[in-house]
Amino acid sequence: MKIAIVCYPTFGGSGVVATELGLALAEEGHEIHFITYKQPVRLELLSKNIHFHEVSVPVYPLFHYQPYELALSSKLVDMVKLHKIEVLHVHYAIPHAYAGYMAKKMLEEENIHIPMVTTLHGTDITLVGNHPFYKPAVTFSINNSDVVTSVSKSLKEDTLHLFDIKKEIHVVPNFIDIPKKINTFTECQRDLMAKPEERIVTHVSNLRPVKRIKDVIEIFDNIQKKIPAKLIIVGEGPEREASEQLCTEKGIEEKVLFVGNSNEVDKILCFTDLFILPSEKESFGLAALEAMACGVPVISSNAGGLPEVNIDGVSGFLSNVGNVTEMAENALKILETDETLAKFKKQAIEAAMVYDTKRIVPIYEKLYQEAILQI
Ligand code: GMT
């Protein structure tokens, strides 16, 4: 099939999933066209089946807000016609589903019919899309998609609860190439980061309030009071400065390393002993799955779709949002001895297997085929 993928090309989970999906589909022989404003961060290598088309929005001083949706829908029309694209897969409802719908309508004027698959990722529903300013447009775009998917059961329930949805929502969970992750273990350079007796705890996110970085630091503070440990915080975002300040106030700044955005998350996960994700909301928690796939147990909140990914007592532990005391106690249960840590590491990989690329990508392929036949 010839498939166009529209996504945010940034470090966010939705862009990562969209990119990994495109790469996996290209490996299966499909022709993939990424259409977005920048080359996606995880799309390092363009190959025979992978194409990237940049959406440019010329800056015009009259516009206080430059019309990205307009440029995107025009680019979609041009690319669908030029490359005879058969399916349009938009990731993140805002504004991609809206722009995709406009592109479909413009193409229909020329008697070209193409199905649109919309994947809901989380914040497009639970945080941004739910805002009264966007809600009618988001509801319309979802109801006018040919196929709608959500990345977890929890997100499907939230969507049905928050919006007046007339379409069926298929749950297609996020995924990860487990064999590829396991192979990276050979390159571990743990001694660069910590002393042999220190446990390494990691958090990866966009450091937004919803991720509760303060809780990450509180949990780590409790851990390091009991055992030698280091904390690595990967990512950039508005909470970074206040978090660094909190570490200084607690006198643990020497034990906490802020590394910013990184393309080497796998390398960091390779020597990580424990991953912390205490989010307020999390539709799926791709970062937790990435950790588990690298054999890293997870201490997380039980928000949203996290219980579907992190299995309590198996791949790690779940607690109510904000219960940092319990999260630290559970962390220590895992880190206590080399035996408990080894047991949880093994169980984390096993739990991640459910979400291997090989199991999930065929579900998308089937949905595309059905959508093409129905249009
Ligand atoms: O977590 C974020 O703030 C980024 C956001 C995104 O749109 O990229 O992540 C959402 O989509 C990911 C991929 O499906 C999910 O794994 C994250 O759980 C979800 N984030 C939230 O629901 C807060």
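How many nonpolar, polar and charged residues make up the shell around the ligand? The shell has four nonpolar, 10 polar and three charged residues. In this sorting, Ala, Val, Leu, Ile, Met, Phe, Trp, Tyr, Cys and Pro count as nonpolar, Asp, Glu, Lys and Arg as charged, and the others, Gly among them, as polar.

Before we go on, a word on the model. It is a predicted one, in which local features need pLDDT of at least 70 and side-chain atom pairs count only at pLDDT 80 or more, while totals for chains, interfaces and linings use all residues. Residues are numbered from 1 along each chain as its sequence is written, and side-chain values use heavy atoms, leaving out hydrogens and water.

Let us start with the whole protein. Its domain assignment, of the automatic or database kind, gives domain 1 (2-175 + 357-374) and domain 2 (178-355). Taken over C-alpha atoms, the centres of domain 1 and domain 2 are 30 Å apart. Where they meet, 22 residues of domain 1 are in contact with 17 residues of domain 2, contact being heavy atoms within 4.5 Å. About 1,500 Å² is buried between the two domains, and carbon and sulfur atoms give 55% of that area. Buried area here is the accessible area (1.4 Å probe) that two parts lose on being put together, summed over both.

Now look for the ligand. Both domain 1 and domain 2 give residues to the shell around the ligand, so the ligand lies between them. In total, 17 residues surround the ligand, and the closest are Ser14, His121, Lys211, Glu282 and Ser283; a residue is near a molecule if one of its heavy atoms lies within 4 Å of it.

The protein covers 93% of the 480 Å² of accessible area that the ligand has on its own, by the Shrake-Rupley method with a 1.4 Å probe.
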